[in-house]
Amino acid sequence: MKIKSYYSRTVEDAMAAARQEMGPDAMLVNSRKTPPEARHLGEYEVVFGVVGAAGGPSEASLKLPGEPGDSFPVSTPPLGDRLSMEVADLKKELEGMRRAITRTAYSPSQWIGVSPDISDAYAALTAAEVSEELAREIVQSAGDSLNGRAAQRTDGPAFQRALMEEISRRFTADATLGRGPAQPRIVALVGPPGSGKTTTLVKLAVNYGLAARRPVLLLSMDTYRVAAADQLRSYAAILGVGFQLLETVSSLAQTIEENRGKELIFIDTPGLAYGDLADSESLAHFLATRGDIDTHLVLPASMKAADLSRMVDAFEILRPQHLLFTKLDETGTYGPIFGEAARSGKPLSFFTAGQRIPEDLEAASSERVLDLVLHGFGGRARSAA
């Protein structure tokens, strides 16, 4: 096998020169920036090799250029294996570059040079669109908690566990329906138009009502859109459960009293845009003052963090007890879900990720939120749990 270094201004020029001299069978062995002492030869050094070159040393007696001592046998792996090894090495280099760039892009300047786990955690949180302030608080608190423990370092698995504990401490998950043990359990879904309230209501009715053989009643207050009431009426007919369309808050209260024998009552409300909330005083007063109604604010996970905060604050007039996020399949960053739960103090109840009924529904949990938020942190955080 013949090995030779080529120097040139660019890697591409060196590769072209090598293949012109050594032929199409020439194999790239290594490429790097030229050492300072040889920089006059070219900016890059590219090493190529070719097996069975005429007049070259045999594979069994190969000696690398500039290496003292006797020759030694070299076993050349098959071409496919060599290519696989080169690709694997290249992936490692690219991953190292990505991590370095990410740390530089996201980490505060005062953190440069600290433990890679600390800066990586901050980068993962901010890349998931957790606010910079909250991400900084979490990472610093996780590090501080370790500093107070004997023989603990602020990196490695111990830091990863502390990070997960710190994130979990800042939000709650409560996948329950209804308030207290009283029957019936009454659940109202509120939220902006297009957030997926009606479809989510049906998923909840199937999974927590019909699947458990509980008598269910579906109520709709959405008289704004005829199609919405018709859709829910059709679902009720398919599922074989009761349905009523109600136009006033007083009729809603009366219907609830008349159906105390049901175990689960779901209330679908009209989609209320930010500017419509002022016109929904009667519904807002009814939901805010009924201690037996569990109100879930339904929001799309794809909504920006600032818009989520604005919407949660606006819907506070209805006093929702839970946050329910839909359309997780329409975004790749889940930091705003965690951030809003931490900011508002409202527990997360359920997630949906698709249109399938009843499959695309899951109960919110600390483990699921950690998995979503720390996805950019790789599998290390999860394996450290």
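Mentor: Two strands pair if DSSP finds at least two bridges between them, and strands (E, at least two residues) and helices (H or I, at least four) are DSSP runs numbered from the N terminus. The model is predicted, so local features need pLDDT of at least 70 and side-chain atom pairs pLDDT 80 or more, while totals for chains, interfaces and linings use all residues. Residues are numbered from 1 along each chain as its sequence is written, and side-chain values use heavy atoms, without hydrogens and water.

Trainee: What makes β4 and β8 a pair?

Mentor: Five bridges join β4 to β8 (residues 293-300), and the two run parallel. In β8, leucine 297 is the bridge partner of valine 190.

Trainee: Why is strand β4 called largely enclosed?

Mentor: Buried means under 20% relative accessible area, exposed over 50%, and partly exposed in between (1.4 Å probe, protein chains only). Five of the six residues of β4 (residues 185-190) are buried, so the rest of the structure largely encloses this strand.

Trainee: What makes the contact of arginine 214 with glutamate 263 a salt bridge?

Mentor: The term requires a side-chain nitrogen of Lys or Arg within 4 Å of a carboxyl oxygen of Asp or Glu. For arginine 214 and glutamate 263 the N to O distance is 3.7 Å, and the two residues lie 49 residues apart.

Trainee: Is arginine 356 buried or exposed, and how do you know?

Mentor: Arginine 356 has 52% relative accessibility and therefore counts as exposed. Aspartate 360, its salt-bridge partner at 2.9 Å, has a relative accessible area of 11% and is therefore buried.
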